[in-house]
Amino acid sequence: MSKQFTTKDVQEHNTPDKGLYIIIDNSVYEMGGFVDEHPGGAKILKRVGGKDASKQFWKYHNESVLKKYQERLKIGELKESAKL
């Protein structure tokens with residue numbers, strides 16, 4: 001079972017120093033070690049740190065990119081929020 005994160009957990013990891021977490025389609029990725037390798041530059045990843053980056057990700061990438069890096073960067077899943 002993969003680790004579960006809340007949106008608050010992800011929001012708290014919004015810089016490379018804190019561990020740069022992003023959400024893509026309810027999966028949580030740790031991007032801190034990838035910032036300097038990102039072909040689009042570090043600025044882009046820092047801008048979406050601690051947030052859901054699904055829309056931005058799919059605008060510039062296809063599924064093969066996700067598959068290529070998923071094993072290395074995915075750290076868990078987003079917990080379902082309780083519906084009230």
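This is a predicted model: local features need pLDDT of at least 70, side-chain atom pairs count only at pLDDT 80 or more; totals for chains, interfaces and linings use all residues.
Reader: What makes β3 and strand β4 (residues 74–78) count as paired?
Author: They share three bridges in the antiparallel sense, and two strands pair if DSSP finds at least two bridges between them, so β3 and β4 qualify. Residues are numbered from 1 along each chain as its sequence is written, and side-chain values use heavy atoms, leaving out hydrogens and water.

Reader: Why are residues 21–24 called strand β2, and how does β2 pair with β3?
Author: Strands are DSSP runs of E with at least two residues, numbered from the N terminus (helices are runs of H or I with at least four). Strand β2 and strand β3 (residues 27–30) pair over four bridges, again antiparallel. Here Ile23 is bridged to Val28 in β3. Two residues lie between the strands of this hairpin, in which Asp25 has a positive phi near 50 degrees.

Reader: What makes the radius of gyration of the protein agree with a compact globule?
Author: The radius is taken over C-alpha atoms, and the globule rule is 2.2 Å times the number of residues to the power 0.38. For 84 residues a compact globule would come near 12 Å, and the protein has 12 Å, so the two agree.

Reader: What share of the protein is called buried?
Author: Buried means under 20% relative accessible area with a 1.4 Å probe, counting protein chains only. By that cut-off, 32% of the 84 residues are buried.

Key: Buried means under 20% relative accessible area, exposed over 50%, partly exposed in between (1.4 Å probe, protein chains only).
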